[in-house]
Amino acid sequence: MSSLRSITFATLAKDIRLEWRSRDAINSMLFFSLLVVVIFSFSFDPNAEESREIAGGLIWVAFLFAAVVALNQTWARELRNQVLDAYRVSPAPANALFLAKALGNFILVSLLEAVMAPLFMIFYNLRALGPAWQLVPVAILGTWALVVNGTFFAAMSLRTRSREIMLPLLLFPISIPAVQSMVEATRIILAGDGSARFWIILLLTYDVVFTTACLALFETILQAE
Amino acid sequence: MKRALPILAGLTALLLAYAFYEAIWVAPMERTMGDVQRIFYYHVPSAWTAFLLFFVNLVASLVYLIQRSAKADAIALVSAEVGVVFCTVVLVTGPIWARPVWGIWWTWDIRLTTTLVLWLIYVSYLVLRRFSDSSETPKLAAVLAIFGALDVPLVYFSIWFFRTQHPQPVIGGGGSIDPRMLHVLLINWLAFSCFALVVCWWRYRLEMLRRAVDEAESLESLMGVQP
């Protein structure tokens, strides 16, 4: 167990250090989601009441698209110099690698959300009418729902032709219930329209189910060559 | 065994013709909807057949992950392909019926949405199989099938809650069905299941032959390299 933890954190620290030096993923994600937000604002032109109804959808779709940008780069780095092959033959547990990658993506996407959410609030003149603190668990659970499956499917699409387009094709259909839960929970909280509890529980269920599935099946995917 | 498939195909053709006759001429006319209700005899059997095939796909995928047998993988591929075709029939016949009866082509009702998401998941399954050409395709596909199966109940619950909060216009079903209609429906279901079985069987043989040809060709090119 301690080896799992130490290997996870070693890999995570390496990824964060690499990202800190290049800042490729975070910069492209930030700019990409900024573009999405601006383009949305031109295509809808909402007033404050309407935007409260649709903002949940817009913000999560923007994050979903931006997350794909980061997720696509997750494993590409390891293909250079055959790092992934080296990992495959090493005795380190496969799940340590998966957890490190998923946590790395989680940190990246959370950073993106922390920067973009206030900007979004400003652009669309939003103010939560419901309990705003509930947005925090929604954001954490929702982000994990996106990155855990995204990291897994990115590893899967490594083995395919044109893998950059393959990832969203695999990820989006499976993510539909998660996206619906995030959007509905956010909409309910922003509009102060009832309780978001059901959606938060559904998100939690989604996270538990798919984290278990990813951890159980990642070894199979990593060894696939 | 070689004969079994053509015989089954012939019987299926007869059964389909009989089921068509029953559905169009024998089944009683529905009082409010009229003749358009007869699409029900194609819509519902196709849906049951599609769900059955997706279930076969899941079982075959699990068997493949445990035993790594090439046959299980071929069955998984075939059932997904034929299942997507039947699911497409469901998604096309549904709106044709809904337009005159409900007055709308589509509504985001629980069953419609779940079927659509299921269809999307299996299309992405087939895209994965098409885009991945390594020998590990079966493994990746089997894993994706399991993820899809885990997803479907979550989709169902999310829409169930969403739609009970916001009631929809008219949704049929829940009522009783005339026994003569049920009879016709079951005959059609039997005919469609036999049809699916024939198509799957044929496609399975084709897939096994294709693999044998691939193997023979790669073996031949390997032999050719040696002096």
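User: In which handedness of crossing does α8(A) pass α4(B)?
Analyst: α8(A) passes α4(B) in a left-handed crossing. A crossing is left-handed if the near helix is turned anticlockwise from the far one by less than a right angle, and right-handed if clockwise. Helices (H or I, at least four residues) and strands (E, at least two) are DSSP runs, numbered from the N terminus. Please note that this is a predicted model, in which local features need pLDDT of at least 70 and side-chain atom pairs count only at pLDDT 80 or more, while totals for chains, interfaces and linings use all residues. Residues are numbered from 1 along each chain as its sequence is written, and chains are lettered from A and ligands numbered from 1 in the order in which they are written.

User: At what angle do α8(A) and α4(B) pack?
Analyst: The angle is about 155°, and the axes of α8(A) and α4(B), residues 110–131 of chain B, are 9 Å apart. That makes α8(A) roughly antiparallel to α4(B). Axes are lines fitted to C-alpha atoms, for helices over the stretch in contact, and angles run from 0 to 180 degrees between N-to-C directions. Angles under 35 degrees count as roughly parallel, over 145 as roughly antiparallel, 65 to 115 as roughly perpendicular and the rest as oblique.

User: Which residues make that contact?
Analyst: From α8(A) there are M166(A), L169(A), L170(A), P173(A), I174(A) and I176(A). From α4(B) there are V117(B), L120(B), I121(B), S124(B), V127(B), L128(B) and F131(B). They divide into 12 nonpolar, 1 polar and no charged. Here Ala, Val, Leu, Ile, Met, Phe, Trp, Tyr, Cys and Pro count as nonpolar, Asp, Glu, Lys and Arg as charged, and the others, Gly among them, as polar.

User: And how many residues does each chain give to the whole contact?
Analyst: Chain A gives 27 residues and chain B gives 26 residues. Two residues are in contact if their C-beta atoms, placed from the backbone, lie within 7 Å. On the side of chain A that touches chain B, α8 (163–191) and α9 (197–223) each supply at least two residues. The residues on that side of chain A comprise 17 nonpolar, 6 polar and 4 charged.

User: Staying in chain A, how do α7(A) and α9(A) cross?
Analyst: Their axes come within 9 Å and cross at roughly 20°. That makes α7(A) roughly parallel to α9(A). The crossing of α7(A) past α9(A) is left-handed. Among the residues in contact are W144(A) and F152(A) of α7(A), together with F210(A) and C214(A) of α9(A). The residues of this contact divide into 18 nonpolar, 3 polar and 1 charged.

User: New topic: where is L129(A)?
Analyst: L129(A) lies in the loop between α6 (94–123) and α7 (135–157) of chain A. It touches L190(A), A191(A) and G192(A), not counting residues up to four places away in sequence. L129(A) and L190(A) are 61 residues apart in sequence and 5.4 Å apart in space, C-alpha to C-alpha.

User: Is L129(A) buried, exposed or partly exposed, and why?
Analyst: L129(A) is partly exposed, because 13 other C-beta atoms lie within 10 Å. A residue is buried if 20 or more other C-beta atoms lie within 10 Å of its own, exposed if 12 or fewer, and partly exposed in between; C-beta atoms are placed from the backbone.

User: What is the secondary structure of chain B?
Analyst: Chain B has 6 helices and 0 strands. Of the 227 residues in chain B, 32% are buried. The C-alpha atoms of chain B fill a box of roughly 80 × 45 × 25 Å, taken along the principal axes.

User: How do α2(B) and α3(B) cross?
Analyst: The axes of α2(B) and α3(B), residues 70–102 of chain B, come within 7 Å and cross at roughly 155°. The two helices are therefore roughly antiparallel to each other. Their contact includes 19 nonpolar, 10 polar and 1 charged residues. Just after α2(B), R68(B) takes a positive phi of about 55°.

User: Last one: what does E81(B) touch?
Analyst: E81(B), in helix α3 of chain B, touches L126(B) and R203(B), not counting residues up to four places away in sequence. E81(B) counts as partly exposed, with 19 C-beta neighbours inside 10 Å.
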